[in-house]
There are 2 protein chains.
Amino acid sequence: MAEFSIIEQYFKQARLYQNNVVLGICDDSAIVSPPPDHELVICTDTLVDGRHFPTTTAAHAIGWKSVAVNLSDLAAMGAIPHSILLAITLPNIDHAWLKNFSQGIFDCCAPYGVDLIGGDTTQGPHLTISVTALGWVKRGQAITRKGACVGDYIVVSGQLGDAAFGLQHLGHPLQHRLDYPSPRCLLGQQIQGFASSMIDLSDGLIQDLKHILNASQVGARLNLEKLPIDTALQQLPSAQQWQYALAGGDDYELCFTISQNNYQQLIQQKLATPLHIIGCIEEPVGLRLYDQEKQKYLDLNGYQHFA
Amino acid sequence: MAEFSIIEQYFKQARLYQNNVVLGICDDSAIVSPPPDHELVICTDTLVDGRHFPTTTAAHAIGWKSVAVNLSDLAAMGAIPHSILLAITLPNIDHAWLKNFSQGIFDCCAPYGVDLIGGDTTQGPHLTISVTALGWVKRGQAITRKGACVGDYIVVSGQLGDAAFGLQHLGHPLQHRLDYPSPRCLLGQQIQGFASSMIDLSDGLIQDLKHILNASQVGARLNLEKLPIDTALQQLPSAQQWQYALAGGDDYELCFTISQNNYQQLIQQKLATPLHIIGCIEEPVGLRLYDQEKQKYLDLNGYQHFA
């Protein structure tokens, strides 16, 4: 079966492209017309079978997650998601798998109005999926990792550690959070204009927050008792809870810094996802952990990309 | 070693980004400011070790080719290349390999003023590289596969079949054309405004030209004696020459259709790459092959993406 039949059968979306997609899947490249006074926000993330998801993961979930992790990177800039390109390497043609996988792609795209506008389908020995996501942000309004100020709150959305717990307990309801992360696209746009810096949590809070601290040249204090943790995890000893919530990875929640004034204004809105203040930015560099006002020294590490 | 050290060490380019790269490698996404009155042209192509290049290929050539095949897709739209994102899956960290590979990436980007603005570095069992390339084209000026008209010349750039011959004769000077394809970016921009349709040749002339014929709903006649073929290939029996030139793949030359008037105007310019008229567009659908006015029926097929 030719690449072209696979694309025609599984990856051409049924619905019409958005107005500013000039050319979608059908040519050497796709063409997009930029909206006036906006900047293009673009990222790419790869999922490798057995490394970024268990080999047993359902095809639909793999499709969903491939899109979600990329939309999460757009959300972390405060961008409006627009479209994706899909580069997939398949060991073989399995029609049932492709049907479910492509449905997962489209199901994650649809709520955000995201179009699949291009890609490449190749054969190779190991299932590997690279999605490139495009979004738009008003000129100069993107939220980067740089800009956290002393005195800012550190805020996270949703819950932490769910996916890591789900990975260790396949079959538990929290596996859904591992398989079907929710990119916080709407929340990211709501935060725009308020936050001083932002990142999405993919490698675990500690590792990801350190990117903000390094880029912004500041330090931070985290209050461990404020971490938003699922009731299932709350049954565990503290050290295990913290391992999941601080270093588990795959959360795809947003972590941002915000002045106390801006925070009060932000929460006047009806927000897309619940927020939790978990610490504050301090002048001395480094990250300090406290549990009920008592400093803790934990031996934690986030996700390691190369074992 | 963390992903972040690899990026820092090998994939942060030494030279400054172009003016309209607002944010390069350092955050969740890259940010690009679109030039006024232009459309974004975007594509992605994957190279899998042992499938899209021989496993013995030098790291520098793999880096070069990963970029070149994508710039070729931009060239086929008449776009001005701008930047790339690199998603690479590595079996392990080999510093010598990474140094040469990244140098190959940058060496292919540099002549076209292309910046490496983002990407993802992951570990997986099989070397797989997906590059996404971004370019710009004046609003409404992109050349697509649709638009070939009856009476148009069919024109190709450079030579055909070199890479396929090189693949069968590793060590022969033509291996260079396999390892280091030249994306015809400048030529593509020169052709813009003149050609009625265009495609880049990656799967072999027959298969790729058929995309133009299908999209444009026309037929074509090819004159086999007009195919631009290297002197090394000219020593072979005709059937072998044609196999390489028509179905070998990996040429990364441009194939376009153009009215006879426009062609006369186009060749007044100093062109970046030699052109060859190899046939013409006809009304009856289908592709007919002639050698010295005698019709030939060849059993050829282009590159099959799934064996």
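Predicted model: local features only at pLDDT ≥ 70, side-chain atom pairs only at ≥ 80, totals over all residues.
## Ground rules

Local features here need pLDDT of at least 70, side-chain atom pairs count only at pLDDT 80 or more, and totals for chains, interfaces and linings use all residues. Residues are numbered from 1 along each chain as its sequence is written, chains are lettered from A and ligands numbered from 1 in the order in which they are written, and side-chain values use heavy atoms, with hydrogens and water left out.

## How much surface is shared

Let's start with the contact itself. On chain A, 65 residues are in contact with 65 residues of chain B, where contact means heavy atoms within 4.5 Å. Together the two chains bury about 5100 Å², and carbon and sulfur atoms give 59% of that. Buried area is the accessible area (1.4 Å probe) that two parts lose on being put together, summed over both. Asp28(A), Gln123(A) and Phe306(A) supply 17% of what chain A buries against chain B, more than any other three residues.

## Salt bridges across the gap

Four salt bridges link chain A and chain B; each is a side-chain nitrogen of Lys or Arg within 4 Å of a carboxyl oxygen of Asp or Glu. The whole structure, over all chains, has 20. Take Arg145(A) and Asp28(B): their closest N and O atoms are 3.2 Å apart. This pair crosses between chains, with Arg145(A) in the loop between β6 (128–138) and β7 (153–157) of chain A, and Asp28(B) in the loop between β1 (21–23) and β2 of chain B.

## Strands that pair up

Strands are DSSP runs of E, at least two residues long, numbered from the N terminus. Strand β3 (residues 38–48) of chain A joins strand β2 (residues 30–32) of chain B through three bridges, and the two run antiparallel. (Strands pair if DSSP finds at least two bridges between them.) One of the partners in β2(B) is Ile31(B), which bridges to Val41(A).

Turn chain A by 180 degrees, with a shift of 0.0 Å along the axis, and it can be laid on chain B with an RMSD of 0.0 Å. That is the relation of a two-fold axis. The superposition is by least squares on the C-alpha atoms of residues with pLDDT of at least 70 in both copies. Also, 100% of the interface residues of chain A are interface residues in chain B, so the copies meet through the same surface.

Terms used: Helix = DSSP H or I, 4+ residues; strand = E, 2+ residues; numbered from the N terminus.
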